[in-house]
Amino acid sequence: PSRPLSIKKVGSAEDVALEKDAFLAFARSLALQTGRRPAPSSSGGGSGSRGAQGSVPIGDAFPGPVRHTAPEGWQAQPKRMLRDIHYRTPGGSFAYVSLLSGTGGGTLMNVNRWRGELGLGPLTQADTESLERQSVLGIPSPMVELEGSFKPRRGDRIPEARVLAVFVPHPSQPISIKMFGTAADVAAERDNFLKFVASLELATR
C-alpha cells in the first residue's frame with residue numbers, strides 16, 4: 001500500500017504477443033524483499049552464456065541446449081530478438097529458430113500471425129488440424145507453406161515471397177522455426193529447411 005508499482009512491456013506487436021505469458025508470470029513473481037540481498041556468485045559463467053556454434057542454451061525447462069545441424073552453405077547470422085538461431089541461405093533467404101515463453105501463443109495464433117504477414121485470412125482451430133506435421137523433438141508440429149507479398153521487420157518488401165514455418169507445441173519450451181525469402185529461393189531450400197528442422201535435438205548437460 002505504501003509503494004505502488006507500474007509494470008510495463010514495450011515492443012512490436014509480435015514480440016509482446018509471444019511474451020505475454022512470460023510477462024504475466026514475471027508480474028506475479030514480484031515480492032517484497034526484506035533484509036540484505038545475497039552476495040553475487042563468484043563462480044563465473046552463468047546459464048545465459050551462449051554455447052558453442054551449433055547449439056543455443058535455453059531456460060531451465062529443458063535439460064540442456066537445443067542443438068542443430070545447419071545445411072551446407074547456410075551462413076550463421078548474429079542472434080537478435082526472436083532469432084536465437086539465425087542463418088542466411090546462399091540465395092538470400094533467412095531461417096531462424098525462436099525459443100518462446102509460456103505457451104508461445106499456441107498453434108492457432110502463430111499460424112494466423114504468419115498468414116497475416118502475407119495478407120492472408122485467418123484459419124479456424126479446426127483448420128489447423130489438417131495442417132502438415134513435422135516431427136520436432138518427437139512432437140508432431142504443424143507446418144505452413146505460404147506465398148504472397150511479405151514485409152520483413154528489416155529490409156525491403158518481397159513482392160513474391162514464400163514462407164515456411166513450423167510451430168513446436170512443447171509443453172515447457174514452445175519453439176517457432178521459420179524461413180522466408182523469394183518464392184524461388186525458399187522453394188529451392190525447402191529440403192534443406194526440413195533437414196534443419198529435423199536436426200533439432202536436446203543435448204544432455
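This is a short talk on one protein chain, going from the whole chain to a few of its residues.

Please keep in mind that the model is predicted. The chain has 205 residues, and 40% of them count as buried. Its secondary structure comes to 6 helices and 10 strands. Now take the contacts in the chain with a separation of 6 or more: residues 24 or more positions apart account for 52% of them.

Next, the aromatic rings. How many aromatic pairs does a search of the whole structure find? The search finds 5. One of them is formed by Tyr87 and Phe196, an edge-to-face pair with 6.0 Å from centre to centre and 80 degrees between the planes. Tyr87 belongs to strand β4, residues 85-88, while Phe196 belongs to helix α6, residues 190-199; these parts are 109 residues apart in sequence, so the pair ties them together. Are these two residues buried or exposed? Both Tyr87 and Phe196 are buried.

The charged end of Arg83 sits over the ring of Tyr96, at 4.1 Å from the ring centre.

Arg83 comes up again with my next residue, Ser98, because Arg83 is one of its contacts. Where is Ser98 placed? Ser98 is in strand β5, which covers residues 94-99. Its relative accessible area is 4%, and the cut-off for buried is under 20%, so Ser98 counts as buried. If we leave aside neighbours within four places in sequence, Ser98 is in contact with Leu82, Arg83 and Asp84, and also with Pro174, Ile175 and Ser176. With Leu82 there is a further detail: the side chain of Ser98 reaches the backbone oxygen of Leu82 at 2.2 Å.

The last stop is a pair of strands. Strand β6, residues 132-136, pairs with strand β7, residues 139-150, in the antiparallel sense, over 5 bridges. Within this pairing, Arg133 stands opposite Pro142 in β7. The two strands, β6 and β7, form a hairpin, and 2 residues lie between them. Which residue in the turn has a positive phi? That is Leu137, with a phi of about 55 degrees.

That is the end of the tour.

Note on methods:
Residues numbered from 1 in each chain as written. Predicted model: local features only at pLDDT ≥ 70, side-chain atom pairs only at ≥ 80, totals over all residues. Heavy atoms only, no water. Helix = DSSP H or I, 4+ residues; strand = E, 2+ residues; numbered from the N terminus. Buried < 20%, exposed > 50% of the residue type's maximum accessible area, 1.4 Å probe, protein only. Polar contact = N/O pair within 3.5 Å; in protein donor to acceptor, adjacent residues only side chain to side chain. Contact = heavy atoms within 4.5 Å. Phe/Tyr/Trp six-rings, centres within 6.5 Å; stacked < 30°, edge-to-face > 60°. Lys NZ or Arg CZ within 6 Å of the ring centre and 35° of its normal. Pairing = 2+ DSSP bridges.
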